[in-house]
Amino acid sequence: MSKHTDSTRRDFIKASTATAGAAAIAFPNVTFGKPNSAKLKIGWIGCGGRGSGAINQALAADSNIELHAIGEAFQDKAEAGLERIKKYHPGKISESVKKRMFVGIDAYQKVIDSGVDVVLLATPPGFRPQHIKAAVDAGKHVFAEKPMATDAPGVQSVMQSIEKAKKQGTSIVDGFVWRWTYAQRDTYEKILGGDLGDLQAIYSSYNNNARKRYVDWNRENTKTDVEYMLRRWYYFTWLSGDHIVEQAVHSIDKMLWAKNDEVPAYAVANGGRQNRGEEEGNIYDHFGVEFAWADGTQGYHFSRQMDNCENGVWDRVYGSKGKYTGESGRKLHVFSNKDGLMWRWNAGPNGERSNNGYQTEHDEMYAAIRDGKPLNTGERMIKTTLTAMMARTAAYTGKKVTKEMMLNSKEQLVPDKISFDMQFPPRAVRHAGRDEAIKPHGWS
Amino acid sequence: MKNDTPNRREFIKAGSTAAVAASTLSFPTVTFGKPDSRKLKIGFIGCGGRGTGAANQALAADSNVELWAMGEVSEARLKSSLTNISKRKPGMVNVDKKRQFIGLDAYKKVLDSGVDLVILTTPPGFRPLHFKAAVEAGKHIFLEKPMATDAPGLRSVMESYKLAEKKGLAVVAGFCWRYDPGRREFFKRIADGAIGDVQSMYATYYTGPVKPMPPDNKRDEEWSDIEWQVRNWYNFAWCGGDGLVEQAVHSVDKISWLFGDVPPHSCVAVGGRQRPNNSGNIWDHIEVNYLFDQGARGFLGQRQIPGCHGENNDYIHGTKGRAQIGGGLIITGKDAIKGETNNWTYNPNGDLWRYTGPGGNMYQIEHDELFASIRDGHPINNGARMCNATMMALMGRIAGYTGKQVTWDMALNSKQDLFPKDQNWETGKHTPPAEAIPGTKEAIAPHGWA
């Protein structure tokens, strides 16, 4: 409990590579170190459902702001995205935005180069490291949806970008929405403050429906491997990270929060695919995970995407003085012990502690930019991403996966250069214990 | 809850009654309630590896016993077992050719052959049937875990152990850790408050496959479905119960032990099969999450896949400390060191207890105590807790297979009867359900839940 964030962070960075420090050394100071009242131009990259939500919230976060450019892999999605956002914020869309609507896999670079101040990164997460890097290198403020990467080389890249952004004073703000929700902030402040005593065990579940996605897209009406996979991105590990890294990562994020953002020493996990069809790529549909922290705290996480099964998204933290039970969706946050109720979260007499984290993440991001103190939440977002990846990899390989093994894994899922016409057949589903699952990591 | 269906409350009562009885050593006087020094004849049903071990241990447990009859479906296995035991225990084996019974009904013949005690070590699917017959015939019983492979079987076992109690018959279950001196001390200390209130336990049973299913082309044309399935019993839920119920049930039993053999309220489980297993229908991995009183949790990770991380440890967290089985039996209080690399490294100078008492072979101790209890007229009956642990494993499997949150009473009253009706070795037909897909009608409907 007494472990300070800084020392943990140093260990974490040290454990990665020596290059992170080297890359970050000599970066010039940029202009963002003082209050800023200029009109901020936003580049929106990735126009799917969450991206559409995020741009809506970003435009609501500040009065002197406009949507300046759009980047999407697909024309139809870019146009649909623009139509949607026009309805919500007609006055905040640049009149000439259509001229800066870029389509294709390299659209992100064109958006970054189009004169924007801020980029909103909401493509499938496999692209995130590359997009974060390009945006940070160009000195842009970044809002990045979770998760931050889908493989270890991606994590390494993002870590370097985070350091660089910190040095140059640009924002990196994440979409781990519960971190921006007051109910969770109130709750975890108490946990970290010791209200539950020493933590012993943490449990979370993210059991949900399978939700058939992309019913309109298949091998027949897509031309190439990459187009096929992009249209159905959730089902491919290189693009989404698998549902534990893409979705249940919210729960893993809260587990890390309770542990003051310390990455567990190792993960052991089971997982598999019991009810996914051929068109559903190579991700799993269930995981059961044990995380072990260096001080002996253990974390148990279950996630499932199957229809007609038990659904539950619960958080529990067990400490020497009591336990926390939470269900984020219902804003239920309770501390209790043998004697009964210790504390129950409430929104306050006027509901002032009730907020929409999706909005607050943007509100706080822009307020900080205006203040001249841009936020950089990169460290915790990448730690959470790495932790979810440890769990996924422990299940995929059947191995006990330590933090160091994961950080130094050589398995690169996302190609350096991606094009629609490249040869890139979908990878087979991984089976625990098999060479195909283990060897690419470079583990002996 | 209707009165005519078994329920959780009844288990809680049964558990506490047994605990009280065991701790005060005041058993009621029963029919067999007086010292017994006669020669005891042993019948042995199911002569595989574990069974042969158990028979040898039974013969080592008491000087005035003999192996009297054997039952098996495979003559070769019976002979090989008999040879093994005869070598180890010459002079204690008296299994005339006439009392070597072969076939699915061999158990009846063993029970009718004049034995006093039977060892039930066939594949567990048969256990409820054999146990019932043995109790009805008034025999003392050693039975291997698990006690059943489905809820109807378990309910039958519950009735049988209660009848055994009335009749004063010994019922000793092969949940061997219960007879291990170190674990007894370990769990007693925790029950006495060594780590405060127990909040969670994580039990691991990560191993390789046990008896993988051969492909269909290895099936002899002569073999009926029943013979084929019994020969490959581990791979069929009706016969072996699944890896969770057959093997990881040892870990489930320790969770049950820790929580005072009081049933969990409910559980949720995720799992499946990664490696194809020919026509077998069991899973190769599952993770179960049991909910107990006061919100305490029992987590179980089980896997039978080659090339993976192996582990068979237990980790327990309480409000005032921690305990682990793994690298010894260890309990620490608040002064546990914050280890750097191994999360369960403790300060040797701190508040630490490590078991240093005698070891002993728990498999032998089971039988030593079984025979001693018969001799002194207070036969042991492990019925309540063996049913609790088996039912917990079954509910974990049911939660995994169905995908549902399963309460104790839902699991206990499940109507899913896996046992094949056509029990004919030569001609028995039986098509077991396919590997379970959670959330599907096929997986859920057989339980008869409203």
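Domain bounds here come from an automatic or database domain assignment. This is a predicted model, in which local features need pLDDT of at least 70 and side-chain atom pairs count only at pLDDT 80 or more, while totals for chains, interfaces and linings use all residues. Residues are numbered from 1 along each chain as its sequence is written, and chains are lettered from A and ligands numbered from 1 in the order in which they are written.

**View 1. The two domains of chain A.** Chain A splits into domain 1 (11-178 + 360-377) and domain 2 (182-355 + 386-441). Their C-alpha centres sit 23 Å apart. Where they meet, 19 residues of domain 1 are in contact with 33 residues of domain 2; contact means that the C-beta atoms of two residues, placed from the backbone, lie within 7 Å. On the domain 1 side, helix H1 (5-16) and H7 of chain A are the elements giving two or more residues, and H7(A) has the largest share, with four residues. Helices (H or I, at least four residues) and strands (E, at least two) are DSSP runs, numbered from the N terminus. By class, that side of domain 1 has twelve nonpolar, five polar and two charged residues. Ala, Val, Leu, Ile, Met, Phe, Trp, Tyr, Cys and Pro count as nonpolar, Asp, Glu, Lys and Arg as charged, and the others, Gly among them, as polar.

**View 2. H7 against H14 in chain A.** The axes of helix H7 (residues 152-168) and helix H14 (residues 378-397) of chain A come within 10 Å and cross at roughly 170°. That makes H7(A) roughly antiparallel to H14(A), the word used for angles over 145 degrees. Axes are lines fitted to C-alpha atoms, for helices over the stretch in contact, with angles running from 0 to 180 degrees between N-to-C directions. From H7(A), look for A:Val155, A:Val158, A:Met159, A:Ile162 and A:Ala165; across from them in H14(A) are A:Gly378, A:Glu379, A:Ile382, A:Thr385, A:Leu386 and A:Met389. Sorted by class, this helix contact has eight nonpolar residues, two polar and one charged.

**View 3. Helix H12 of chain A, tucked away.** Ten of the ten residues of helix H12 (residues 249-258) of chain A are buried, so the helix is largely enclosed by the rest of the structure. Buried means that 20 or more other C-beta atoms lie within 10 Å of the residue's own, with C-beta atoms placed from the backbone. Even A:Asp253 and A:Lys254 are among the buried residues, along with A:Trp257. After H12(A) comes A:Asn260, with a positive phi near 55°.

**View 4. Where chain A meets chain B.** This contact takes 40 residues from chain A and 42 residues from chain B. On the chain A side, strands E7 (199-208), E8 (266-272), E9 (286-292), E10 (298-305) and E12 (323-327) are the elements that give two or more residues. E9(A) supplies the largest share, five residues. The chain A side divides into 14 nonpolar, 15 polar and eleven charged residues.

View 5. Chain B is assigned domain 1 (8-177 + 364-381) and domain 2 (179-359 + 392-412), with 25 Å between their C-alpha centres.

Key:
Parallel < 35°, antiparallel > 145°, perpendicular 65-115°, else oblique. Buried ≥ 20, exposed ≤ 12 C-beta atoms within 10 Å, placed from the backbone.
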